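This report describes the nonpolar cores, the sheet and selected packing contacts of the structure shown below.

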Amino acid sequence: MRRVSMATRDELVGAVRQRYIEGGRAEKARILDEFVAVSGFHRKHAMRLLRNGSPAARSGPRPERRIYDDAVREALIVLWEASDRICGKRLKMLVPILVEAMERHGHLHLKAEIRTRLLAMSAATIDRALREVRDIAGGPRRRRSTASTALRRSVPIRTFSDWQDPPPGFVEADLVAHSGPTARGSFIQTLCLTDIASGWTECAPLLVREQKLLSEVLTELRRFLPFQLLGFDTDNDSVFLNETIRDYCLDAGIEFTRCRPYRKNDQAFVEQKNGAVVRRIVGYRRLEGLEAAAALAQLYSTVRLFVNFFQPSFKLAEKARDGARVRKRYHLPATPCQRLMGNPQTPASVRAKLAQIAAQLDPVRLLSDTRAAQQRLVAIADRLSTSDSAVAEPALDQFLSSLRIAWREGEIRPTAKPKTKQKRERRRPDPFAGVTHELRGWFEEGPWQTSRELLARLQSEYPGKYPSLLLRTLQRRVKIWRKEKAHEMVFGTTSSAAAFQAMTE
């Protein structure tokens, strides 16, 4: 059936709408049948048109439906920046904690209605409200030696499905290399530990790949863990699979296990944190030396608190396979601290300690300290001068006010920005240094002359001194002169000094 035009449709709706509203059940059914037969619309769509009228009458914004105004959106942007730009589903779970913490430290003063609307926003609404902000705000492997067969057999294998529901204290461990574009030489690596039950993550730098040093760093990390280390699961890297680490775990009463070779999914918990925490915070620059290791350790001392207390994460609840399709269901996003507090296997003393620490933490100050530590690390990694590497930390009030407009500048994490390219300086002497003014005079006499014509004239004036290989150099010089000439014709002025400086560089 041929459909009616939009204008005809609106006229037809206006003609029968009043009769449809006032008619009885049988009359409405008859009018609806006729309207569907004439217009060709779906019956449900036709019912909506006859009840509500033409969409043209409702065009434009409907302010009565707008619940979240600009004030709510501005407050949401501040909370999003203070959470280090996490997604809406994670931010939804963090908003009550973050609002309470920022108000407690005097960083946020919300009216009652704005606070109520912020807490009522769904994750989808948060993502829609931040969509424009995110758009504006949005860088040959060496073969390792393998452990002996006897040693490998002494360490049992644990797969992803073997974890079930362990108590806090069973962690997965992995190394993240900060080698930059090349893996040659010595570089720093990050030891990352992730608790299976809660997602609690601890990171520390390793200056070199050495098993004794790894055991010492592991001892230090155990001091920061809020729970006792019960299990240590690693990949098949030789820095883990050796007698030193095996005997260390035996002496400390730690269950030492390993994943299957070439099966990264067996270590999905820590592999997720390698990207979501280490790479997101540190980036992909090459880090080497004691100074970089100290700066990285200082960065992790702040990041551990921000990530574990103010960064909600997802946790897989169940996974079912239906043929080739895999369906996954996740728990609601929660911070590692929340998961530890809500875990019935967590001791009461651990809960009390976590509650005491959480009450003293300021998320804005932690984020400000993280940004400053990232800036220092970038300065060291990019080998800037001493004056450039001195980072001036902004005042807390200044940093808080910057969160309102930080999204306009795009990426703000120093470690995510590309390395500043060094300005290229001229290494060879200028071949036209002695005749620059003469060439410029010829160009002023006839700006339409080509570079080839100017070079030919120069070769006739100075035979054998300026070969044809210099044509490309002269073309670049003339291009600058033409740009300066065009600027002078349009604006009436020219910057000769700047043009001459650019020409001689």
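The largest nonpolar core has 66 residues, and Met102, Leu191, Phe232 and Phe310 have the most contacts inside it. A nonpolar core here is a set of buried Ala, Val, Leu, Ile, Met, Phe, Trp, Tyr and Cys residues joined through side-chain atoms within 4.5 Å; buried means under 20% relative accessible area, exposed over 50%, and partly exposed in between (1.4 Å probe, protein chains only). Helix α4 (residues 70-82) supplies the largest share of this core, eight residues. The core lies between domain 2 (70-137) and domain 3 (159-416), because both give residues to it; the domain bounds come from an automatic or database domain assignment. Apart from this core lies another, of 21 residues, among them Val278, Val282, Leu296 and Ala373.

The model is predicted: local features need pLDDT of at least 70, side-chain atom pairs count only at pLDDT 80 or more, and totals for chains, interfaces and linings use all residues. Residues are numbered from 1 along each chain as its sequence is written, and side-chain values use heavy atoms, with hydrogens and water left out.

Met102 touches Val78, Leu79, Ala82, His107, Leu108, Pro363, Val364 and Leu400, residues up to four places away in sequence not being counted; contact means heavy atoms within 4.5 Å. Val78 is also touched by Arg404, as are Glu74 and Ile77, with the exclusion of residues up to four places away in sequence. Arg404 lies in the loop between α18 (396-402) and α19 (436-445) and, at 40% relative accessibility, counts as partly exposed.

Helix α4 packs with helix α6 (residues 112-120) at an angle of about 60°, with their axes 10 Å apart. Axes are lines fitted to C-alpha atoms, for helices over the stretch in contact, and angles run from 0 to 180 degrees between N-to-C directions. Ala71, Val72, Ala75, Leu76 and Leu79 of α4 make the contact with Ile114, Arg117 and Leu118 of α6.

An open sheet of five strands has the order β3-β2-β1-β4-β5, with mixed pairing. Helices (H or I, at least four residues) and strands (E, at least two) are DSSP runs, numbered from the N terminus, and two strands pair if DSSP finds at least two bridges between them. The edge strands, β3 (201-206) and β5 (255-258), each pair on one side only. The twist averages 25° from one strand to the next. Strands β2 and β3 pair in the antiparallel sense over six bridges, with Gln189 opposite Leu206 in β3.

| Helix | Strands touched | Angle with β3 direction |
|---|---|---|
| α10 (residues 211-224) | β2, β3 and β4 (231-234) | about 145° |
| α13 (residues 290-310) | β2 and β3 | about 180° |

Strand β6 (residues 316-322) and strand β7 (residues 325-330) also pair in the antiparallel sense over six bridges. Lys319 stands opposite Lys328 in β7, and the bridge partner of Arg321 in β7 is Val326. The hairpin of β6 and β7 has two residues between the strands, and Gly323 takes a positive phi near 70° in this hairpin.
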